[in-house]
Each structure stands twice: as C-alpha cells, then as structure tokens.
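Reader: Could you take me through this model by way of questions and answers?

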Amino acid sequence: MESKRVVITGLGAITPIGNTVKDFWEGLVKGKNGAGEITRFDSALYKTHFACEVKDYNPDDFFDKKTARKYDLFAQFALIAADEAIADSGINADNTDLDDVGVIMTSGIGGVNHMYSEVMEYAHSDLTPRFSPFLITKMIANIPGGVISIKYGFRGPNYATVSACASSTHAIIDAFNLIRYGTCATMVAGGAGAAIGQLGVGGFNAMKALSTRNDDPLTASRPFDLNRDGFVMGEGAGSLVLEEYEHAVKRGAKIYAEVVGGGASADAYHITAPHPEGIGGALCMKRALRDAGLAPEVVDHINTHGTSTPMGDIAETLAIKEVFGEHAYDISINSTKSMTGHLLGGAGAVEAIASVLALKNGIVPPTINHFDDDPNIDPRLNFTFGKACQRDLHYALSNSFGFGGQNASLIFKKYES
C-alpha cells in the first residue's frame, strides 16, 4: 500500500506554564516552572501538597455556564486545546471535506474528579440513588472527541486510545496511520489530563509514584537527578491537526513539521514498573525508526518520557543507549516534565508539540532542576540541563510510557518546502 506524507498544520495547548501554544513554548524556552501548592482541593491530609496546575483558568472565558456544567475539567481542557489547533490550522467547510476529518482525543483516566464528587455526594446522602445525568459523559475518556465532531461537523473516524500516560502519543500514531494509508485526509489528535484531586493524588501517593518534596515543590520534578523521588502531577491538554501533505499544500496551509514514524510496544514485565533494562522502551523506539525508514544516526533530539521516577529515568536512558549506541551522546535529550509536571494522558500530545516546535525553531528546551548526577545514569548523555540550547535540528523523537508497560514513540521531521 502506498504511504502518503503526513504533516502537522495546527497546534493547541493549555498547560501549567502557558495557556496557549505561544505561551507554552515561551515558558519552555525560559525554563519556567509550573509547580505550586495544590488549590484544587485541601491536600493537608495527603502525602503530597503540590502539583503543576493550569494557572488563571476560568471556564467562563471559554464556555457558557450551561455548557461548562456538561464537561469535566479534563474535557474542558481537551476542547480548548482542540479549538486552538483547529483555528491555527485553518481547516473549515470551505477548504476541507468534513466527512474526511477524524478526531482521536483521549485521556489516561477521564473524569476521575467528577466521579469522586458524585460518589461522595451519594455516600453522604440518604443513599437514594440520585446522580447527575452527565455522570457518565463527564467521566468517559472518549467524550471530547465526540463533542469536537459535533461542534465542527467532522464525520471521520472518532475514538479514544487509552494507554495511561502513553494515551495521546498512541492517539497521534493512530491519526498518522489513518491519514498515510488513505482512510481520511485530516485528523485532530491529542489528549488531556485533569486528575489533581483526592482520588488522583491519593492513588498515586498510595503507590509511591509522586514526589513528596513538600518543603521545596519548585525543585520536586527533577528528571535524571540523583535525588528524584517521584513525578509531579500536572494537568492540561495538547492537540495537533495532522493532514495529508497534498491536501495541506492545495489549501495553502502553513506546515510546522512532518510526522514520519511511530512505534509501539509492551514491556510485558510489571503493571507499574518499567523493565529495568528498558527493553520495551528500546523496542518502540526501534520500531519508530524502522517505520520511518531512518538510521538511528539521523535523530538530533529526544523529548524523553523523563518523569523523575527513580526506576523510570534509568530504564529510559538504558533504552536510548541500546537503540542509538555511540550516537546517543550526540543527541540533545530533555525532559519537559521538569517544567510542566506529568500531564498523564495529555503528556504525549503536549510533548509532541514541544518536539515539533523544537524542530521548527532550532531550540531544545532545557531540563531544569538538576543538582546531582546519578551514578546509574551515564553522565555523557546530553540532557540539556539548566538552559535551552540552539541547534540545527532535522529529526526529533518523543517517548511516552504508560502503566501496564505500554510504550509509544513518535518521530517528527523538520519541514522544508
């Protein structure tokens, strides 16, 4: 089957360091830190009291009150990011067949906070089963895609990929495949996360996945640092418009970058811990390179999964060395989670946007909060610690790894007309 070229023509984001793509990118380059005390709920009795929340968010700025009541916060974020990406791309009924536009918007765990509030309200009532008519639709992970299709009239493939923290990277890979193999011409893809709440923080605390550096939250997300103690939960969303190249050129669209490969794998090891040798991560990167028809030596930049967990960071660096050999030391590596925290199901999409803009602008954002080298992590690897670097980039790879051992990697190419 002939494979079509796929390009990116629209970007949208709402994140802890910027509520638009422009502000997000400027925050990344400056090394802006999104961490702070939790305001979404009273965290006094929890082990972790901080997170990377979206700042200055008011749903009234985006939705009327009736509409806002229908959507959990994760869905609100997803819709805002998708709206920005669609507007940025310029796709509309005049230049695009709406039957040929699909949507894959996802979340790692959906509307967990709304589910919690409904259950608590029921538990503290007279136990008469009274629930919101929006309980199910505010909870399920696929609802943003459905709402986007209704708003814009997009009648192409529409579903959600759910693989925990790899969800939105899998969404972009699926969108890429649907376009290049001719199912449709345009896809809106991405994901969102908004799990900063009693269940989210309590659950991740219980499995000892979150940092508990309550005395210094600004330095808590410290990927690859010796004293990292877990990830910092973030929230927000990212969305990309992917388009068949000839279709984009025909309508005069601006093009950010080209999507050239995607790979997926399973660790087949443990429900939360990565394989200690990074076998699954290495396999999905190799598959992405094979899919793109590229030699490892052409990759200039890797936006790592880089969560700041003790085992995860080591496993990912071992995987990178396994795949790239000596060339690993020439790659500009970073973890943008050091700034944004971990957006869970939205992480892959937001980091894909960071990778695309790194290619377009020739700038690799920094990995902040590095203080001490970990003897288990090769110090010869270039983690872009502390300060953004300028570099002529041609290919960037973005990694996402999820609980369950589900891994995904994307490769982007700098667009040159």
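This is a predicted model: local features need pLDDT of at least 70, side-chain atom pairs count only at pLDDT 80 or more; totals for chains, interfaces and linings use all residues.

Reader: Which residues touch the most other members of the largest nonpolar core?
Author: A nonpolar core is a set of buried Ala, Val, Leu, Ile, Met, Phe, Trp, Tyr and Cys residues joined through side-chain atoms within 4.5 Å, where buried means under 20% relative accessible area, exposed over 50% and partly exposed in between (1.4 Å probe, protein chains only). The largest such core has 46 residues, and those touching the most other members are Ile8, Leu11, Leu240 and Leu242.

Reader: Which helix gives the most to this core?
Author: Helices (H or I, at least four residues) and strands (E, at least two) are DSSP runs, numbered from the N terminus. With ten residues, the greatest contribution to this core comes from the helix spanning residues 347–361, α13.

Reader: At what angle do the axes of α7 and α13 cross?
Author: Axes are lines fitted to C-alpha atoms, for helices over the stretch in contact, and angles run from 0 to 180 degrees between N-to-C directions. Ser168, Thr169 and Ile172 in α7 meet Ala347, Gly348, Ala349 and Ala352 in α13. The axes of α7 (residues 167–180) and α13 come within 5 Å, and their crossing angle is roughly 65°.

Reader: Which element gives the most to the lining of the largest pocket?
Author: On a 1 Å grid over the protein atoms alone, a pocket is an open set of points where a 1.4 Å probe fits, with protein on both sides within 12 Å along at least five of seven lines, and lining residues have an atom within 4 Å of a point. Grid points are joined across faces, edges and corners, and the volume, the space filled by probe spheres set on the points, is about 550 Å³ for the largest pocket. Of its 33 lining residues, the closest to its centre are Thr272, Ala273, Pro274, Thr309 and Phe403. The greatest contribution, six residues, comes from α11.

Reader: From which element comes the largest share of the lining of the second largest pocket?
Author: This pocket has a volume of about 220 Å³, and among its 14 lining residues Arg40, Asp72, Leu73, Asn113 and Ile196 are the closest to its centre. At least two lining residues each are supplied by α3 (73–89) and α4 (112–123), and the largest share, four residues, belongs to α4.

Reader: Is phenylalanine 224, with its positive phi, buried or exposed?
Author: Phenylalanine 224 is found in the loop between α8 (198–206) and β7 (236–244), and its phi is near 70°, a positive value in a residue other than glycine. Its relative accessible area is 2%, so phenylalanine 224 counts as buried.

Reader: What separates the C-alpha atoms of glutamine 406 and glycine 280?
Author: Glutamine 406 lies in strand β14 (residues 406–414) and counts as partly exposed because its relative accessibility is 33%. Glutamine 406 and glycine 280 are 126 residues apart along the chain, yet the separation of their C-alpha atoms is 8.0 Å.

Terms used. Residues are numbered from 1 along each chain as its sequence is written. Side-chain values use heavy atoms; hydrogens and water are left out. Contact means heavy atoms within 4.5 Å.
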